[in-house]
Amino acid sequence: MEHFVPLEKPKVSSPKKIIKKLYIQYKQYVRTVAFSYFRNYDLVDDIVQEVFLKAYMHVNQFKRKSTYKTWLYRITINVCKDYEMKQRTRDKYKPMLTESKEEFLDLSAEEYVFKKVEKQDVKQALLSLSTMHRQVVELYYFKGFSIQEMSQKLGLNPSTIKSRLRRAKKGFKETYESMIK
């Protein structure tokens with residue numbers, strides 16, 4: 001078994017070199033943590049990739065108050081939680097956003113057409129929103145982010161997020177109602 005010396009104060013200054021060394025030393029550790037969370041090898045590979053991408057993007061913000069291993073553990077857990085939240089939200093809204101054949105089996109031809117048109121109208125109304133309004137709707141309703149999480153992710157005040165959500169709902173409602181008249 002190989003023994004690695006902890007990489008606490010690397011002698012290299014390039015973020016790319018630091019992450020490369022961290023990847024070599026801790027890739028298997030990150031895989032193990034992610035696997036213990038999901039038990040899905042395909043998902044674990046995606047998570048490992050995202051963990052080291054996040055580490056690379058934020059390596060200059062590492063304050064050395066903990067070890068790199070602890071830092072990578074924290075990133076891994078956060079990425080796993082994000083994936084779990086996305087999966088839960090996707091599973092929650094999937095029946096509304098995708099068509100299944102079973103959904104239309106018991107419908108008459110007329111009901112089928114109305115349902116298809118209704119789905120198209122909803123999609124069209126969402127697409128009519130401005131990018132900033134569509135973004136908050138997507139994060140809040142489809143990805144399950146809280147106002148506080150969205151605030152951190154977008155770098156905006158929570159009151160701005162709430163305001164955008166209110167305006168997005170109002171815009172959606174107006175557009176949708178005008179489409180179905």
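# Helix packing, cores and salt bridges in a predicted model

User: How do helix 1 and helix 2 pack, and at what angle?

Analyst: Helix 1 (residues 15-38) and helix 2 (residues 41-58) pack at about 145 degrees, and their axes are 8 Å apart. The axes are lines fitted to C-alpha atoms, for helices over the stretch in contact, and angles run from 0 to 180 degrees between N-to-C directions. Helices here are DSSP runs of H or I with at least four residues, strands are E runs of at least two, and both are numbered from the N terminus. This is a predicted model, in which local features need pLDDT of at least 70, side-chain atom pairs count only at pLDDT 80 or more, and totals for chains, interfaces and linings use all residues. Residues are numbered from 1 along each chain as its sequence is written, and side-chain values use heavy atoms, with hydrogens and water left out.

User: What is the hand of the crossing of helix 1 and helix 2?

Analyst: The crossing is right-handed. The rule: left-handed if the near helix is turned anticlockwise from the far one by less than a right angle, right-handed if clockwise. Contact means heavy atoms within 4.5 Å.

User: What makes a set of residues a nonpolar core?

Analyst: The set must consist of buried Ala, Val, Leu, Ile, Met, Phe, Trp, Tyr and Cys residues, joined through side-chain atoms within 4.5 Å. The largest has 23 residues. Leu22, Ile47, Val51, Phe52, Tyr68, Trp71 and Leu72 have the most contacts inside it. Helix 1, helix 2 and helix 3 (68-97) each supply at least two residues of this core. A second, separate core has 7 residues, among them Val136, Met150, Ile161 and Leu165.

User: Which residues does leucine 72 touch, leaving aside its neighbours within four places in sequence?

Analyst: Leucine 72 is in contact with Leu22, Tyr26, Val30, Val51, Phe52 and Ala55.

User: Why is threonine 76 called buried?

Analyst: Buried means under 20% relative accessible area, exposed over 50%, and partly exposed in between (1.4 Å probe, protein chains only). Threonine 76 has 0% relative accessibility, so it counts as buried. The residue lies in helix 3. Beyond its neighbours within four places in sequence, threonine 76 contacts Val30, Val33, Ala34 and Val51.

User: What makes arginine 31 and aspartate 45 a salt bridge?

Analyst: A salt bridge needs a side-chain nitrogen of Lys or Arg within 4 Å of a carboxyl oxygen of Asp or Glu. Here the N to O distance is 2.4 Å. Arginine 31 lies in helix 1 and aspartate 45 in helix 2, so the pair ties together parts 14 residues apart in sequence. Arginine 31 counts as buried because its relative accessibility is 18%. Aspartate 45, at 41%, counts as partly exposed.

User: How many salt bridges does the structure hold?

Analyst: The structure holds 2. Glutamate 50 and lysine 54 also meet in a salt bridge, at 4.0 Å, N to O. Both lie in helix 2, 4 residues apart, about one turn of the helix. Lysine 54 is partly exposed, because its relative accessibility is 28%.

User: Why is arginine 39 called exposed?

Analyst: At 59% relative accessibility, arginine 39 counts as exposed. Arginine 39 sits in the loop between helix 1 and helix 2. Its phi is positive, about 55 degrees, although it is not a glycine.

User: Where is arginine 64 found, and why is it called partly exposed?

Analyst: Arginine 64 is in the loop between helix 2 and helix 3. Its relative accessible area is 39%, so it is partly exposed. Its phi is also positive, near 60 degrees, in a residue other than glycine.

User: Why is phenylalanine 142 called partly exposed?

Analyst: Phenylalanine 142 counts as partly exposed because its relative accessibility is 24%. The residue lies in helix 6 (residues 131-142). The buried residues of helix 6 are His133, Val136, Val137 and Leu139.

User: How many helices and strands are in the chain?

Analyst: There are 8 helices and 0 strands. Buried residues make up 30% of the 181 residues.
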